[in-house]
Amino acid sequence: MNIPIPLVDLAAQHAQVAGEVAEGWAAVLERTAFVGGPQVAAFESEFAEYVGVPHCVGVGNGTDAIELALRALGIGPGDECVLPANTFIATAEAVVRAGATPVLVDCVEDTGLIDVAALEGVVTERTAAIIPVHLYGQAAQVELIRPIADRARAMIVEDAAQSQGARRNGRTTGSLGDIAATSFYPGKNLGAYGDGGAVMTADAHLAERVRLLGQHGSPSKYVHTEIGFNSRLDTLQAVVLSAKLRRLEAWNDARRLAAQRYGKLLHEVPGVTLPVVADGNEPVWHLYVVRVSDRDAVLERLHEKKIGAGVHYPFPLHLTKAFEHLGACGDFPVAERTAGEILSLPLFPEITPDQQERVVEALVEAVNA
Ligand SMILES: *Cc1c(COP(=O)(O)O)cnc(C)c1O
């Protein structure tokens with residue numbers, strides 16, 4: 001009864017690909033080509049096809065992917081990039097590292113996604129990019145952002161780190177904007193065994209720029225046409241990602257089933273607000289986020305019962321020390337209020353109905369305590 005239920009169960013996932021990974025890694029170790037190689041190129045083309053874009057460039061991690069996408073677009077000092085206040089800090093970090101200025105915008109309450117209506121108030125002629133985040137595995141309304149971006153002559157850079165396989169109106173995230181970044185951090189829906197990331201785009205020139213910048217600005221060995229940096233997808237990671245990509249659709253289906261099950265178990269529980277799926281969206285439930293009042297107490301009670309619930313994220317960016325200059329308390333009221341209510345429940349493809357019932361039982365008790 002008291003066996004812990006983790007937020008994500010990477011061991012259960014590894015068990016399914018262990019043989020394939022061991023075989024693939026043995027081949028890499030034998031050739032000792034640890035950077036680049038056919039495995040990276042193979043994964044890049046598999047993932048591009050999966051997303052439905054012509055180009056995918058593997059990079060070192062998701063943060064680099066966003067930075068490289070911005071740099072490839074020529075975005076830097078003097079440019080502003082608009083992004084939601086409620087995201088992982090990496091979205092804003094990447095903007096700063098590219099030399100540009102992050103500008104925050106609020107989110108909507110029911111989905112937690114970027115508030116498209118609020119964009120009108122912050123997009124100016126200095127706006128070079130809008131960075132919608134497909135938060136918790138659900139696509140932002142990119143088609144509504146498009147006319148706003150066009151008017152400002154700004155690019156749309158998707159942060160698709162949490163949304164591998166998620167679709168909006170039938171199209172896969174990563175193919176909705178001008179360029180997109182994703183992360184293969186181990187806990188993502190498509191996770192490597194270390195850091196990894198990728199940039200996706202339909203624009204061959206942009207893809208070429210990303211590849212050049214992530215390889216020391218070097219189009220061929222010892223030729224350096226500009227100052228870049230080192231950000232590449234490891235060969236060993238590419239092997240893992242190819243093996244996992246073949247199972248991603250099934251895993252995302254299992255996540256949807258688990259989300260449905262939570263919905264059924266929780267829909268009449270007073271004091272628990274369920275996540276909402278926006279019209280047109282087919283989410284992949286990177287996280288299953290409910291809202292409760294007195295969240296910190298509820299979280300503590302769940303942890304006492306060994307339920308690995310989490311919070312994504314406890315502070316909007318402008319309420320972190322690092323980015324306090326981006327806004328004052330009260331500037332993004334929805335992000336601020338919901339940050340104190342959101343609670344991520346354990347959800348992973350292998351979660352069992354029994355485990356989910358235990359989570360729900362503990363949650364009901366915690367909310368009523
Ligand atoms: C994970 C994540 C990133 C960054 O990815 P890393 O690979 O950890 O650098 C960026 N944005 C969002 C929304 C994420 O969840």
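The C-alpha centres of domain 1 and domain 2 lie 24 Å apart. This is a predicted model, in which local features need pLDDT of at least 70 and side-chain atom pairs count only at pLDDT 80 or more, while totals for chains, interfaces and linings use all residues. Residues are numbered from 1 along each chain as its sequence is written, and side-chain values use heavy atoms, with hydrogens and water left out.

**View 1. The two domains and their contact.** Domain 1 covers 10-242 and domain 2 covers 248-368. These bounds come from an automatic or database domain assignment. Domain 1 puts 41 residues into the contact and domain 2 puts in 38 residues. Contact means heavy atoms within 4.5 Å.

**View 2. The seven-stranded sheet.** The sheet is open and mixed, with strand order β1-β9-β8-β5-β4-β2-β3. Strands (E, at least two residues) and helices (H or I, at least four) are DSSP runs, numbered from the N terminus. Two strands pair if DSSP finds at least two bridges between them. β1 (55-59) and β3 (101-105) are the edge strands; each has a single partner, so one side of each is left without a neighbour in the sheet. From one strand to the next, the twist averages 25°. Axes are lines fitted to C-alpha atoms, for helices over the stretch in contact, and angles run from 0 to 180 degrees between N-to-C directions.

View 3. β1 pairs with β9 (residues 197-201) in the antiparallel sense, over five bridges. Within this pair, V57 stands opposite V199 of β9. Helix α7 (residues 204-213) lies across β1, β8 (179-183) and β9. Its direction is at about 10° to β1.

**View 4. Parallel pairs β2-β4 and β4-β5.** β2 (residues 80-84) and β4 (residues 127-130) run parallel and are joined by three bridges. V82 has I130 of β4 as its bridge partner. On β4, the parallel pairing with β5 (residues 155-159) rests on two bridges. Here A129 is bridged to M155 of β5.

**View 5. The largest pocket.** Its volume is about 490 Å³. On a 1 Å grid over the protein atoms alone, a pocket is an open set of points with protein on both sides within 12 Å along at least five of seven lines; a cavity is a set where a 1.4 Å probe fits but cannot get out; lining residues have an atom within 4 Å of a point. Grid points are joined across faces, edges and corners, and a volume is the space filled by probe spheres set on the points. The lining has 26 residues, and F88, Q162, Y185, K188 and Y313 are the closest to the centre. At least two lining residues come from each of α3 (62-72), α4 (90-97) and β8. Domain 1 and domain 2 each supply at least three. By class, 12 are nonpolar, 11 polar and three charged. Nonpolar means Ala, Val, Leu, Ile, Met, Phe, Trp, Tyr, Cys and Pro; charged means Asp, Glu, Lys and Arg; the others, Gly among them, are polar.

**View 6. The second largest pocket.** This pocket holds about 260 Å³ of space. It has 16 lining residues, with G36, V40, R211, Q215 and R232 nearest its centre. α2 (38-51), β1 and α7 give two or more residues each to this lining. The lining counts seven nonpolar, six polar and three charged residues.

**View 7. The largest cavity.** The structure has four cavities of 30 Å³ or more. The largest has a volume of about 320 Å³. Of its 29 lining residues, D110, T111, G112, Y136 and V289 lie nearest the centre. β11 (288-291) and α10 (333-339) are the elements that give two or more residues to the lining. The classes are 17 nonpolar, nine polar and three charged. Both domains give residues to the lining, so the largest cavity lies between them.

**View 8. The second largest cavity.** Its volume is about 50 Å³. V8, D9, L10, Q13, P186, G187, K188, R255, F348 and P349 line it. Five of these are nonpolar, two polar and three charged. Domain 1 and domain 2 both contribute to this lining, so the second largest cavity also lies between them.
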